Amino acid sequence: MSKFNFGALIWRIDLVFGTKKAFCEAANISTATLNNYLRGASYMPSDFIASACALLSIPADEIGHYFFNKNVDY
């Protein structure tokens with residue numbers, strides 16, 4: 001399980017691209033790679049984060065909300 005909650009990122013991908021597949025095509029990554037990032041099987045490289053921010057029009061001051069929002073255990 002990922003240490004981070006990517007719910008906001010998934011919502012943004014769906015809002016801007018409609019599907020994860022369309023986003024992956026624009027980001028030039030496979031859907032398997034994206035799924036690995038989202039479930040914490042591999043870490044997102046900084047160049048991917050920068051590219052995703054550009055594609056999704058995420059301002060620099062909101063990067064943490066989309067990419068570094070920690071899961072909380074209750």
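I worked from a predicted model.

**Entry 1: helix α1**

I started with α1, residues 7-17. I looked up which of its residues are buried, and found Ala8, Leu9, Arg12 and Ile13. Viewed down the axis of α1, these buried residues fall within an arc of 140 degrees, so they line one face of the helix. I recalled the general rule: an α-helix has 3.6 residues a turn, so residues three or four places apart point the same way. Next I asked what the buried residues of α1 pack against. I found α2, α3, α4 (46-56) and α5 (63-67).

**Entry 2: the other side of α1**

I turned to the other side of α1 and noted Trp11 and Leu15 as exposed. For Leu15 I read a relative accessible area of 55%. I counted Leu15 as exposed because the cut-off is over 50%. I then checked Leu15 against Leu56: they are 41 residues apart in sequence, and their C-alpha atoms are 9.0 Å apart in space. Just after α1, I found Gly18 with a positive phi of about 90 degrees.

**Entry 3: α2 with α3**

I took α2 as residues 20-27 and α3 as residues 31-39. How do their axes cross? I noted roughly 105 degrees, with the axes coming within 9 Å. The two helices are therefore roughly perpendicular to each other. I listed the contact next. From α2 come Lys20, Lys21, Phe23 and Cys24. They meet Thr31, Leu34, Asn35 and Leu38 of α3. I sorted the residues of this contact into four nonpolar, two polar and two charged.

Technical notes. Residues numbered from 1 in each chain as written. Predicted model: local features only at pLDDT ≥ 70, side-chain atom pairs only at ≥ 80, totals over all residues. Heavy atoms only, no water. Axes fitted to C-alpha atoms, helices over the stretch in contact; angles between N-to-C directions. Helix = DSSP H or I, 4+ residues; strand = E, 2+ residues; numbered from the N terminus. Parallel < 35°, antiparallel > 145°, perpendicular 65-115°, else oblique. Contact = heavy atoms within 4.5 Å. Nonpolar A, V, L, I, M, F, W, Y, C, P; charged D, E, K, R; others polar. Buried < 20%, exposed > 50% of the residue type's maximum accessible area, 1.4 Å probe, protein only. Arc of directions from axis to C-beta.
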